[in-house]
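This report covers aromatic contacts and nonpolar cores. The sequence and structure are shown first.

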Amino acid sequence: MRQGGTAERGLIDGILQGMELRSAAFIVTVYGDVVVPRGGVLWTGTLIEVCGRVGINESLVRTAVSRLVAAHRLRGERLGRRSYYRLDASAQREFDQAAGLLYRAEVPARGWQILHVPALAEDEARRQRMGHMGGAVFIRPDRGQPVPEGALLFPAADPAELGRIGQFWDLSALHRRYLDLLARFAPLAEAGAAPSDETALIARLLLVHDYRGVLLRDPRLPQAALPGDWKGHEARALFRDLYRRLTPAAERWIAAHFEGSDGFLPGQTPESQERLADLSEAAR
C-alpha cells in the first residue's frame, strides 16, 4: 500500500475483525461486484491476489473455486498455462437478482402474499424472506414474486394494525446485523483522507459482501411494520454513500490489476456506470 499504508491496513483490519468471511461467498462477491459488469471472466492469479488482501490464502481460494465449479457456480477455461473462471449462468442469475436489491431503488410492496405451502421447510422460507405465521402458512410483502410450486396464494391488503406484522420475522437478528455493519464501516465513513486505490477496492468489496449478506435476509417491510429503532434505512444510506465515494479509486485499481482473458478489465463499463447512476437516483 502507498504512504500511510499502515493506517490504511489498520482500517481494513478493523473492518475484517469479527467478520465471517467464507472463501466461496467472498469469491462470488468479487465476481458479482467487479467481474460480471466487465465481461464476466477473471484470471485465477488476480482472484488469488485480491483474496489474499483479506486473509484468504491461495490454498483456500483454489479449494473454494473447485467447490464452486462442482456446484455449478463457476465455469473454468484455460488459455495456455493460465486458468480463467466466469460465473455459471445459474449463479449469475442469482447475483443479478441481488444486484437489483443492492444498486437500484426500493420496489414498493403492493399488499401481502399469504401462502399455504405444505412442502416448504422453514429454512427455505427464511431464505425467501418469508415470515412464518404458523403451520404451513407464510407471509411476505407482495412485490410480484412468483408463487412457490404447490402453494395456495391468498393476496391481502394492509391490515388495520400493520405494526403487528413484524412478529412473523426475527427482526431482532437482522437489526443486530445492521448495527454491526454500521459500527464496522463507521471508521471508513469518517476517515478524512481519501484511501489509496487498493484500499478503496478492498473496502468496497467488503462493504458489498457484508451488506449483501444481511440485505438478502431482510423482507424489506413497510416502515409502519418496523420497530421504531430500525437501522436498515441508515445502513442503506451508508452503503450508497460509501460505494459511490470509493468507486473512482476502486475503478483505477481494477483497470490496473484485474486480468481477464482479453487483458486487463476496464475500469468502467456501461453496466458499472448504470449501477452508480441507480445508486445516485435511489439516494434522492
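Predicted model: local features only at pLDDT ≥ 70, side-chain atom pairs only at ≥ 80, totals over all residues.

## Aromatic pairs

With ring centres required to lie within 6.5 Å, the count comes to seven aromatic pairs. One of them joins tyrosine 178 and tryptophan 230 in an edge-to-face arrangement, with 5.6 Å centre to centre and 80° between the planes. Tyrosine 178 belongs to helix α7 (residues 171-190), whereas tryptophan 230 sits in the loop between α8 (197-215) and α9 (232-257), so the pair ties together parts that are 52 residues apart in sequence. Both tyrosine 178 and tryptophan 230 are buried.

A single aromatic cluster is formed by Tyr103, Tyr211, Phe239 and Tyr243.

## Charge over a ring

Tryptophan 43 has arginine 82 over its face, at 3.6 Å from the ring centre.

In soluble globular proteins, nonpolar side chains tend to be buried together. Here the largest nonpolar core holds 73 residues, and the members that touch the most others are Phe26, Ile27, Phe185, Leu206 and Phe258. Helix α8 supplies the largest share of this core, with 11 residues.

Which residues does leucine 206 contact, leaving aside neighbours within four places in sequence? They are Ile12, Ile15, Leu16, Met19, Leu21, Phe26, Val54 and Phe185. Two of these contacts, Phe26 and Phe185, are also listed with leucine 206 as residues that touch the most other core members. Another core lies apart from the largest one; it has seven residues, including Val117, Leu120, Ala125 and Met130.

How values were computed: Residues numbered from 1 in each chain as written. Heavy atoms only, no water. Phe/Tyr/Trp six-rings, centres within 6.5 Å; stacked < 30°, edge-to-face > 60°. Helix = DSSP H or I, 4+ residues; strand = E, 2+ residues; numbered from the N terminus. Buried < 20%, exposed > 50% of the residue type's maximum accessible area, 1.4 Å probe, protein only. Lys NZ or Arg CZ within 6 Å of the ring centre and 35° of its normal. Core = buried A, V, L, I, M, F, W, Y, C linked by side-chain atoms within 4.5 Å. Contact = heavy atoms within 4.5 Å.
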